[in-house]
Amino acid sequence: MQFEVWAPQAQDRVALQLEGTTHALERDPDRRDWWVVEAEAEHGARYGFVLDGHADVDVDSGPRPGSGSGSGSGSAAAVAFPDPRSLRQPDGPRGLSAVVDHAAHAWRTPWPGSPLTGASVLYELHVGTFTREGTLDAAAQHLGHLAELGTTHVQLMPLNPLPGQHGWGYEGGSPWAVHEPYGGPDALKRFIDTAHELGLGVVLDVVHHQLGPAAEELAAYGPYFAGESEADAVVNLDGEGSDEVRSYLVGSALSWLRDYRADGLRLDAVHKLRDTRACHFLEELSAEVDALSVELGRPLFLVADAGQCDTRITAPRAEGGLGVHAQWNDDFPHALHTALTGEEQGHYADFAPAPLKALAKTLTSAFFHDGGYSPARGRSHGRPVDRVSTPAHRFVGYAQSHDQVGNRALGDRLSASLTPGLLACAAALTLTAPGTPMVFMGEEWAAGTPWQFFTDHTDPDRAEAVRRGRRKEFTAQGWEERGLPDPLDPETRNRSCLNWDEPQNEHHARVLAWYRTLIALRRSQSDLCDPDLASVRVAYDEAARWLAFRRGDLRIAVNLAKEPAAIPLLGGKARVLASWDTIEAPAADGILRLPAESCVVLGPLQ
């Protein structure tokens, strides 16, 4: 097989270290700064590249796996670096790479694809805490639960190799590889095959704005990073050599969609991508994904995690946009959280003066921040959405997510402080609102477990820096230091694992049944799939704490107050399609009498 590597930093030679043998690479005459060699290798064979006899001087982190004799450099201290395009890292992101033969996997399930539409419902999960085992195979055993719930896509948090055993995934390296403790590449293929067998699409969370713990090795190969110093280094998307860096990232994205049969990708923190080129990286990526969709004959999509409230991200390329197919809309969960809890610190401050008014705006206009002044930022923020031409499903809305929960000091879910009735209201608003709804793992049964920030850095200096950073962040917000979970303590991860005995018990079972009811309505009622933002009508009473909105012939009402509410509805008689508490349909006077902390979905009389 052919081994190849882009290594403009190599001056004289590049050598392949393969299962104890050494092979000299030659410069590729057709590709600048590429080196190639043919060598016999089987699936699973370990290998790495030696560049000009690099020596292992990283004494703080200890020797890397694969360093030592047999490198062919003439020095016992020569280092075999992992392949930047490695498909497997059995010993972690800084160890030797392993050959993966994608063709060796026999796919069981023919799959036509699963597009993102108004009927889609995403389910975000973290493999390492979805089950106590923390593996893809263990997670796959619960995919039947997601199919019964009615979700259409499972969205996996990042899977790239991490330092150590456990972490959220956003600090991973080797963007073409799967974290070995999760089961590696074969386990991901088994997971996706099982999901497709159950009719579930799969979305993978990928990180392009940072390249994780193997950054030192990448920098030895070529200009993967730009910046005046290590402290301000960013991924090189627009400097010298950036053509190859962009190709590297685009290639990894396409690999997940092609070689693993994923249906879509979530692009983490795209606002952190620094790119001044005329054709932005996201535009290039979306064009390549659309082309691959045509080639494969199945729908593919991208979802951006973007903090700018900028409609250009999802506007079509032909209209001057970047062509990403959807984006997370943080304004919806922030407005909803503020309305439910009354919290007003941090980013909730912008929504706190009138949370129901803010929530109503997100229901009709997607963004709350549409160019006006943001007190929390001290500046104006956002861009207005064209409600007529922009389909609602381009905006992903949710009550909870890994960000909303895990970036709280104690990782406390809404279920830790809200009654089941208010949780039901949150579900009703999320699952019937315009936009694409998303559920965070365990939310559907009001999980009693927290989801806290945890990591497992093997570099003690890096580990202590993370610990100090989290401590500083939350003590500045008024939390007592002694009550904060230690992200390096294994028990922090263990506390964050779901308890799969909960869904059958007490109020958990009732909340789960409510989620199933709402998702079934979402997928069966065409009005709830309508992409027309301009047709949504909202009424609310800030003081009485109720809100009602209309989508076609359906009306959804929530009462967040501790007292019953009398809600005037217009539009004729209606029948109850679903309700948290047993209630009567509106009387002839059009007044809906809704119990405290309760909600209802109304439809027209048949």
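Predicted model: local features only at pLDDT ≥ 70, side-chain atom pairs only at ≥ 80, totals over all residues.
Student: Which residue in E3 does Leu18 stand opposite?

Tutor: Strand E2, residues 14–18, is joined to E3 by four bridges, and the two strands run antiparallel. Leu18 has a position facing it across this pairing, and the residue opposite Leu18 in E3 is Thr21.

Student: Which strands stand at the edges of the open sheet, each with a single partner strand?

Tutor: This open sheet has four strands in the order E3-E2-E6-E7, with antiparallel pairing. A strand with a single partner has one side left without a neighbour in the sheet, and so the edges are held by E3 (21–24) and E7 (97–98).

Student: In E10, which residue is the bridge partner of Gln155?

Tutor: Four bridges join strand E8, residues 122–125, to E9 in a parallel run, and Leu122 stands opposite His153 of E9. E9 also pairs with strand E10, residues 201–206, in the parallel sense and over four bridges. In E10, the bridge partner of Gln155 is Val203.

Student: Which residues of strand E9 point the other way from His153 and Gln155?

Tutor: In a regular strand, side chains alternate between the two faces of the sheet. In E9, residues 153–156, His153 and Gln155 point one way, and all the residues on both sides are buried. Those that point the other way are Val154 and Leu156.

Student: Is Thr436 buried or exposed?

Tutor: Thr436 is found in strand E19, residues 436–440, and touches Leu116, Thr117, Ser120, Leu122, Ala392, His393, Phe395, Val396 and Gly397, once residues up to four places away in sequence are not counted. A residue counts as buried under 20% relative accessible area. Because the relative accessible area of Thr436 is 1%, the word for this residue is buried.

Student: Which residues is Ser293 in contact with, leaving aside its neighbours within four places in sequence?

Tutor: Ser293 has its place in helix H7, residues 281–296, and counts as buried at 17% relative accessibility. Leaving aside neighbours within four places in sequence, the residues in contact with Ser293 are Arg298, Pro299 and Leu300.

Student: How many residues of the contact of H6 with H7 are charged?

Tutor: Helix H6, residues 242–258, packs against H7 at an angle of about 35 degrees, with the axes 10 Å apart, and the crossing is right-handed. Arg246, Leu249, Val250, Ala253, Leu254, Leu257 and Arg258 in H6 meet Phe281, Glu284, Leu285, Glu288, Val289, Leu292 and Leu296 in H7. The residues of this contact divide into ten nonpolar and no polar, and the number charged is four.

Student: Is H8 roughly parallel or roughly antiparallel to H11?

Tutor: Helix H8, residues 331–341, and helix H11, residues 420–432, pack at an angle of about 155 degrees, with their axes 11 Å apart. Angles over 145 degrees fall in one named class, and therefore H8 is, relative to H11, roughly antiparallel.

Student: How many residues of the contact of H8 with H11 are nonpolar?

Tutor: The crossing of H8 and H11 is right-handed. The contact is made by Phe332, Leu336 and Leu340 of H8 together with Leu422, Ala426, Leu429 and Thr430 of H11. One residue of this contact is polar and none is charged, while the number that are nonpolar is six.

Notes. Residues numbered from 1 in each chain as written. Heavy atoms only, no water. Axes fitted to C-alpha atoms, helices over the stretch in contact; angles between N-to-C directions. Parallel < 35°, antiparallel > 145°, perpendicular 65-115°, else oblique. Left-handed = near helix turned anticlockwise from the far one by under 90°. Contact = heavy atoms within 4.5 Å. Nonpolar A, V, L, I, M, F, W, Y, C, P; charged D, E, K, R; others polar. Pairing = 2+ DSSP bridges. Buried < 20%, exposed > 50% of the residue type's maximum accessible area, 1.4 Å probe, protein only.
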